[in-house]
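Here is a short tour for anyone who likes to read a fold through its contacts. Let us look at the rings, the sheet and the helices in turn.

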Amino acid sequence: MKKLSLAVAGVLLAGSMFALTACDDGGSVGKVNGNFKKEATALEVETALENVQLEKAFGTGDTIALQMLGDFEISAKQQDTSSKMNLSFDYALQGPKAAFGGMMMLTEEEGDEESEISWKDYALAAAGQFVSTGSFNFKTKTSGEDATSIGAKIYQDANYLYLDVKMDAMSPKVKISISELLDLIGDSMQPDEPEDDTTVLSDIGMEITGPSESSNWALLASGFKPYIDNSKGLKIKFEGDSQMILDAFTEAGMTIDASMLKSSVLDIYLAFDENGLFTQLGVDVNVQVKAEGMNLTVKGGMALKPYSGTVTLPLGIALDPTYISIPLSGSDSIISGI
């Protein structure tokens with residue numbers, strides 16, 4: 001179960017990034033209800049994950065369908081100015097179970113030689129076997145100004161991400177190359193790689209040398225307190241501490257202290273039912289900062305769940321000439337103008 005431990009470790013790291021983009025409970029779509037009163041030990045978390053039969057957690061069929069839901073609200077008040085932003089999304093994807101496992105577990109088995117296949121090639125091969133569809137809505141309002149909103153229906157095939165955009169009086173239809181999008185993601189994930197095999201994970205203040213140590217839960221949970229409820233299935237809650245959130249604000253250039261942090265929820269959930277089937281992976285956030293003349297609140301969450309429907313794309317979308325290709329690289333890219 002080393003791979004499951006690595007996957008959940010990745011979720012913990014990703015969840016720490018929501019501290020600024022997402023102490024009472026957030027209560028968002030990402031929250032999983034359970035009896036999380038007693039803090040678990042690192043060994044108890046390790047044992048609970050080892051008992052998960054990952055090969056059965058997504059059913060017995062050859063395909064997998066998942067739904068990602070999210071709803072976030074950011075509000076800020078400073079002197080006579082106030083602003084509010086809302087982001088919500090609903091996204092479903094479907095494809096071969098084997099390809100999904102490959103996307104989630106990009107690490108090599110212990111003892112294997114280093115793969116010559118690049119991260120991008122691996123991700124492209126996996127993405128090419130999936131189809132997905134969804135939508136998002138973004139709204140913002142600043143005092144004294146008109147409200148702004150943008151939304152889109154989203155579709156994805158092996159080669160492109162298609163967006164039917166609704167923005168004020170405009171309704172453009174655009175498509176973005178999956179290959180170029182992966183290039184952009186890869187660049188943002190690896191700005192400066194260390195020369196040796198030491199990976200510094202500054203988000204939760206730990207250092208790992210070599211892949212074998214990355215399954216050490218005493219290190220992985222250094223920024224989170226784990227709680228386990230195994231009364232009906234298995235539910236694990238990773239509760240982020242306030243210091244991690246304070247550090248994230250500091251790295252973002254905002255100097256605040258603990259007295260200004262009025263709410264500091266950053267919780268990550270993993271749940272399986274009584275039959276061992278995966279039910280949810282969630283993030284729940286509620287961060288509130290109050291200082292003289294300033295009030296900032298970030299709350300909401302996201303959830304990854306099994307999807308009971310069938311994902312289908314509009315007929316003939318790959319050949320539809322009304323979708324305009326938008327480059328992400330080169331002098332004509334939308335990124336170069338930002």
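Searching the whole of this predicted model turns up five aromatic pairs. In one of them, the ring centres of Phe36 and Tyr269 are 5.9 Å apart and the planes meet at 55 degrees, so this pair is tilted. Phe36 belongs to the loop between α1 (2–16) and α2 (42–50), while Tyr269 belongs to strand β11 (residues 261–272), so the pair ties together parts that are 233 residues apart in sequence. Both Phe36 and Tyr269 are buried.

Another tilted pair is made by Phe58 and Phe278, with 5.3 Å from centre to centre and 40 degrees between the planes. This pair, too, links distant parts of the chain: Phe58 sits in the loop between α2 and β1 (63–78), Phe278 sits in strand β12 (residues 278–291), and 220 residues separate them. Are the two partners buried or exposed? Phe278, at 8%, is buried. Phe58 and Phe278 also belong to one aromatic cluster together with Phe272.

A ring takes part in another kind of contact as well: the charged end of Lys175 sits over the ring of Tyr160, 4.5 Å from the centre of that ring.

Now to the sheet. Its 12 strands form an open sheet with mixed pairing, in the order β9-β10-β11-β12-β13-β1-β2-β3-β4-β5-β6-β14. At the edges are β9 (224–229) and β14 (324–325), each of which pairs on one side only.

| Strands | Bridges | Facing residues |
|---|---|---|
| β10 (residues 234–240) and β11 | six | Phe238 and Ile268 |
| β3 (residues 131–142) and β4 (residues 148–156) | nine | Thr140 and Thr148 |
| β4 and β5 (residues 160–167) | seven | Gln156 and Leu161 |

Two of these connections are hairpins. Five residues lie between β3 and β4, and in that turn Gly144 has a positive phi of about 85 degrees. The hairpin from β4 to β5 passes through three residues.

Thr297 has a relative accessibility of 13%, so it counts as buried.

Finally, the helices. Helix α7 (residues 242–251) lies across β9, β10, β11, β12 and β13, and runs at about 115 degrees to β11. In α2, the buried residues are Val45, Glu46, Ala48 and Leu49. Viewed down the axis of α2, its buried residues fall within an arc of 165 degrees, so they line one face of the helix. In helix α4 (residues 119–127), Ala123, Ala126 and Ala127 are buried.

Terms used. Residues are numbered from 1 along each chain as its sequence is written. This is a predicted model: local features need pLDDT of at least 70, side-chain atom pairs count only at pLDDT 80 or more; totals for chains, interfaces and linings use all residues. Side-chain values use heavy atoms; hydrogens and water are left out. Rings of Phe, Tyr and Trp (its six-membered ring) pair if their centres lie within 6.5 Å; planes under 30 degrees apart count as stacked, over 60 as edge-to-face and the rest as tilted. Helices (H or I, at least four residues) and strands (E, at least two) are DSSP runs, numbered from the N terminus. Buried means under 20% relative accessible area, exposed over 50%, partly exposed in between (1.4 Å probe, protein chains only). A charge sits over a ring if NZ of Lys or CZ of Arg is within 6 Å of the ring centre and within 35 degrees of the ring normal. Two strands pair if DSSP finds at least two bridges between them. Contact means heavy atoms within 4.5 Å. Axes are lines fitted to C-alpha atoms, for helices over the stretch in contact, and angles run from 0 to 180 degrees between N-to-C directions. The arc is that of the directions from the helix axis to the C-beta atoms.
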